[in-house]
Amino acid sequence: MKNTIISIILSFIPICIFSQSIKDTVNLNQVEIKDKNVSFIKNEIKNEELKNIAIRDMGDYLRSVPNVSGVRKGGTSIDPIVRGFRANQINTQIDDGIKIEGGCPNRMDPTTSRIEAEEIEKIEIIKGPFALKYGPAMGGVVNLISEKPRPFDKNQIHVKLFTGYESNWNGYREQLSLYGGGKKIFYHITGGFRNYGNYKDGNGDTVNSSFSKYNYSAKVGIAPKSNQNIILTYKEIHSMEMMYPALPMDELEDNTRIMAIDYNIKDVSDKINSAEFKIYNSNVTHIMDNSERRNFNSIVSPYSSIMRMYADVNAINTGGRGELNFKAGKNNMALGVNYENIRKDGERTMRMINSMMDNQTIMNLWNNAVIQNYGIYSEYKSTYFVMAVRCDYNMANSDDTLNIIKSGNVYFGDTKSGYFNFSMNLCVNKEITENLIAGIAIGRGTRSPNMLERYIKFLTVGYDNYDYLGNPQLKPETNNEADFTLKYKSNKVGSAYFNIFCSYIQNYITGTILAPSVAPIQTMTAIGVKQFTNADFAVFKGFEFGYNSPDSCKFGVELTAYRTIAAMKEVVRYNYSGTQVISKTTLEKDALPEIPPLESTINISYKLFKNKLIPKAGMRVIAEQDYVSKAYYERRTPCFVLANFVLIYKCNKNINLSAGVNNIFNMAYYEHLNRRIVGSTYRLFEPGRVVFANLLINI
């Protein structure tokens, strides 16, 4: 019955389009699909949207963007997935080039956890290998841009205060900003904190999900001349006592420091339009333990001992970029370079206690591991045509002393590797009619393996319950992608876009089981050991549709629908008796795990009292996910429908109020990508009904 209802709702979406009468952008929750180059999808979310909704975590918010989902492991720090691409397959960064290497092997601290919604000026999401200037881009780019200091004609000072509250969590967040200056020197100083308790799901069950965070930053701008800007940035983010019931350990504390210098100059000469340079350093200290788990102080099945775990990781990312923009006839061309140096070191201490023993072991997670990437790129751009190329040299090394050699096969040995990688894209757009533009984009994006895939040692870091072993000799992955996009705009009908894409992934990185004689299990609850290896290829394909009514209409409608499917050419399914492999079967075109199902959204709004009062209602419809991986024993997830409501009141240009309800009907549900609670087969459920209120004062 639920599937029938969802099918009816999904089929109803296209019919709704013709009930409205847009300007030059498709605006989906302030997500703008820009004109002229429509061959690939670039979503742009502005801070105007963020201030009116409940956002405790940027990764959580990004799940509202079409074809963007996320892996939930706790109450916060949801790990984004774009069109099925994850982790370093997506180039996620802050402020046009600052990169952060997380400390947790299980990615409880992705880059999106290092910036808060109250700091955001805008978010850019480029889907596919079509933005090469920020570094290797295989599956896409997520660029989280914070507010920058800007010059003023006269010296002045402004204050911005944001405060928000959410029920269920009994959570609150606050941010205070001070900004101002003059023509030559200007600044933006901000700081905030948030504290959230455990939430209850739709069944009324309490989920251990509490967390606390605080941040502060200062940006100072200097304008030596009217066409030049220098911006100095210093930022710290601290989090503590963050609960992750779907992971073996919780986050005890995380301390991140970011420093950056930006220099921009415009109108350099008749030929050179502009030049920009950035250097940065990010330093992460990440500490985890299991002190809040039952097995820390007592013996819990299936363990035969008290188990106390502690991990401490330090990750440093240093880099920079430079770009020169100049005229090429009537068009523009860019030439740039990038550099990134990642250094990571950390260890895990495990103490096992019972009546017979008190044994402590220390394992290196990373031992002075280093990855360096040198890149050069060029881009040519006209109104309807874009072409870009990029070359990278990636090299890695580690002080690991682990050697695994069996029957002449080296499974883990030489830690040095170096690769030359080539990426490119070509985008062509055609204005078919005054209202209709078509675009085709073809791209190739290559990325080298990350720290986890190269050097991790015997930790359960995947969807399945296996210990994973890194592979220093992994080959780079390459995404060969084609996108076709249609965009229609009309002042009478509205604006809509439709995109289809297909990606052919060479040397797709996955896991292969190792025999116990090669690599015995190190984690008691693991069912075996897998090593990261390169498969032949995988295929991703999907579509995305969106419609938005014009801003000039009092009655607004926003519609989206999207789906991604992904499969491997050939994969081995291992059959078990208990934890013993008794046979194996080769499957063809088996689905990849953790691919989200078909989803659609419907949002309506109405502008009252000259746009001062705006009620908005939304419905999110998620189909059953029965396209699951047999090789990974992935479970299906049921369909569900969510309803949300928010009321926005713009008191004046300085004060903005909003209040609303998420999950109005208190549905008990979980997303397909939510992980299982450790020690059980139960999925981590999403929060039940949440009532929220926000206040923004800007004077």
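A: Two rings of Phe, Tyr or Trp count as a pair if their centres lie within 6.5 Å. Planes under 30 degrees apart make the pair stacked, planes over 60 degrees apart make it edge-to-face, and the rest are tilted. By this rule there are 18 aromatic pairs in this predicted model.

Consider Trp169 and Tyr199. Their ring centres are 4.7 Å apart and their planes stand at 55°, so this pair is tilted. The two residues belong to distant parts of the chain, 30 residues apart. Trp169 is in the loop between strand E9 (156–166) and strand E10 (171–181), whereas Tyr199 is in strand E12 (residues 199–200). Trp169 and Tyr199 are both buried.

A second pair is formed by Tyr576 and Tyr633. With ring centres 6.3 Å apart and planes at 55°, this pair is tilted. Tyr576 comes from strand E33 (residues 555–577), and Tyr633 from the loop between strand E36 (613–622) and strand E37 (640–650), so the pair ties together parts that are 57 residues apart in sequence. The surroundings can be judged from relative accessible area, where buried means under 20% and exposed means over 50%. Tyr576 has a value of 22% and is therefore partly exposed. Tyr633, at 39%, is likewise partly exposed.

The charged end of Arg83 sits over the ring of Phe501, at 3.9 Å from the ring centre.

Asn694 belongs to strand E39 (residues 690–698) and, with a relative accessibility of 5%, counts as buried. Beyond its neighbours within four places in sequence, Asn694 is in contact with several residues, among them Phe162, Tyr165 and Arg173. The side chain of Asn694 also reaches two backbone oxygens: that of Lys51 at 3.5 Å, and that of Ile53, which lies 2.9 Å from a polar atom of the side chain.

Finally, the confidence of the prediction deserves attention. The mean pLDDT of the chain is 91, and 95% of its residues reach 70 or more. Over residues 1–35, however, the pLDDT is below 50, although this stretch has 103 contacts in the model beyond near neighbours in sequence.

Notes:
Residues are numbered from 1 along each chain as its sequence is written. This is a predicted model: local features need pLDDT of at least 70, side-chain atom pairs count only at pLDDT 80 or more; totals for chains, interfaces and linings use all residues. Side-chain values use heavy atoms; hydrogens and water are left out. Rings of Phe, Tyr and Trp (its six-membered ring) pair if their centres lie within 6.5 Å; planes under 30 degrees apart count as stacked, over 60 as edge-to-face and the rest as tilted. Helices (H or I, at least four residues) and strands (E, at least two) are DSSP runs, numbered from the N terminus. Buried means under 20% relative accessible area, exposed over 50%, partly exposed in between (1.4 Å probe, protein chains only). A charge sits over a ring if NZ of Lys or CZ of Arg is within 6 Å of the ring centre and within 35 degrees of the ring normal. pLDDT is the predictor's confidence in each residue, from 0 to 100. Contact means heavy atoms within 4.5 Å. A polar contact is a pair of N or O atoms within 3.5 Å; within protein, one must be able to donate a hydrogen and the other to accept it, and residues adjacent in sequence count only if both atoms are side-chain atoms.
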